[in-house]
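Visitor: I would like to learn how to read a model like this one, feature by feature. Could you take me through it slowly?

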Amino acid sequence: MRLRCLLSVLLLPSFPATGVADETSAISVVTIGGNGVDGFGGMNGRASDIPMPQPFGLVTGPDNALYVCEVGSHVIRRIDLSTGLSNVVAGCGRKGYSGDGGPATSAELNEPYEVRFDLDGNMYFVEMQNHIVRRVDHSNGVISTIAGNGQPGFVGDGGAANAAMLNRPHSIALDTSGNLYICDIGNHRIRKVDLGSGLISTFAGTGERKPTPDGSPVSGTPLNGPRALDFDGQHSLYLALREGNAIYRIDLHSQSIHHLAGTGKSGFTGNGGDALQATLSGPKGICLSKAGDIYFADTESHTIRVVRKSTGVIEVVVGDGKKGDGPKAGPAHSCRMDRPHGVFVSDDNILYIGDSNNHKVRMVKLPDPDFSVSASRSTN
């Protein structure tokens, strides 16, 4: 069965007054991974039947399968979206830091938070509690550490990335020029690794927890809790500030930072209006759709929200602002979640959610945009 056929369309009224996206009143949420149990589901199994503890970052890979970071079991799991079967592709289910130079499935990981692929199909992921970024070679499945030495701190700029110190890295993005960007949240910086030379540097942030003025240069401007990144496939990074409760665009050409959403105060207001006047509640995941809309996991409000590229309006896509679990089927805005962290929109306009404290992966088929956008955007 094709993935699009898994979602039923419900003809329900829209709720524009509450800032719920009109189209989400007619789409449902389906649980495709996790049975709600907090425990390791084993190396193989049907995704919907096994435990998938604390799913965080997730992305579709070059093979069109879904890759999910299971923080609670310290593995990266692959879900075949055509069959529903899953298998572990990194980690062995034990917490630790071992295995570099060998098969990724024999390695010990410590809380993998986010996963991405480069244009050659190599897999990269962050291990927050090991303070590192690791890579799995697509040709042989061998794992290696490419950034961080396993100890928390802030040293190493200008030198080898795998000898440097990071402090609780959370999110990564890869551009098309061979650079890896890391949200180094404990240091309130974005670090950059030149994958050709292996050298690391500070790309943005000063280490200070201060406001980020609109239009500021990247260099020398504070970032308060840089938590999540996405690359648009062209020349911009999109950044969610967790403590700063805001979303920014970083123009890689002009090296400037532009404010897109959030007043900086914590809250769940402004839905249906100007995103700049809205309050956000600890955003911890971000992803662009092909149409350029910015989807993010507003973790503390238990929702997925979107900023529309064409209007700058913020809307609720999934959830109603209250903690809960489900329903498994029904309109997207009525599906309650519990501190979602992961969000990804595929090029065929399917929204995937890591509903972290419910130990489930959710899926929503979004309406197709009424215009075409360049397919240059990668799974980064």
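Visitor: Among contacts in the chain between residues at least 6 apart in sequence, what percentage join residues at least 24 apart?

Guide: A contact here means heavy atoms within 4.5 Å, and among those in the chain between residues at least 6 apart in sequence, 45% join residues at least 24 apart. Before going on, note that this is a predicted model, in which local features need pLDDT of at least 70 and side-chain atom pairs count only at pLDDT 80 or more, whereas totals for chains, interfaces and linings use all residues. Residues are numbered from 1 along each chain as its sequence is written, and side-chain values use heavy atoms, with hydrogens and water left out.

Visitor: How many helices and strands are there in the chain?

Guide: Helices (H or I, at least four residues) and strands (E, at least two) are DSSP runs, numbered from the N terminus; the chain has zero helices and 25 strands.

Visitor: What does buried mean, and what percentage of the residues of the chain count as buried?

Guide: Buried means under 20% relative accessible area, exposed over 50%, and partly exposed in between, with a 1.4 Å probe and protein chains only. Of the 380 residues of the chain, 59% count as buried.

Visitor: Why is strand 20 largely enclosed by the rest of the structure?

Guide: Strand 20 (residues 294-298) is largely enclosed because five of its five residues are buried. Ile-294, Phe-296 and Asp-298 point one way from strand 20, while Tyr-295 and Ala-297 point the other way.

Visitor: Which strands pair with strand 20?

Guide: Two strands pair if DSSP finds at least two bridges between them. Strand 19 (residues 283-288) pairs with strand 20 in the antiparallel sense over five bridges, with Asp-298 as the bridge partner of Pro-283. Strand 21 (residues 303-307) also pairs with strand 20 in the antiparallel sense over five bridges, and there Ala-297 stands opposite Ile-304.

Visitor: Which residues does Gln-129 touch, not counting residues up to four places away in sequence?

Guide: Gln-129, placed in the loop between strand 8 and strand 9, touches Asn-110 and Glu-111 on that count. Gln-129 is partly exposed, with a relative accessible area of 32%.
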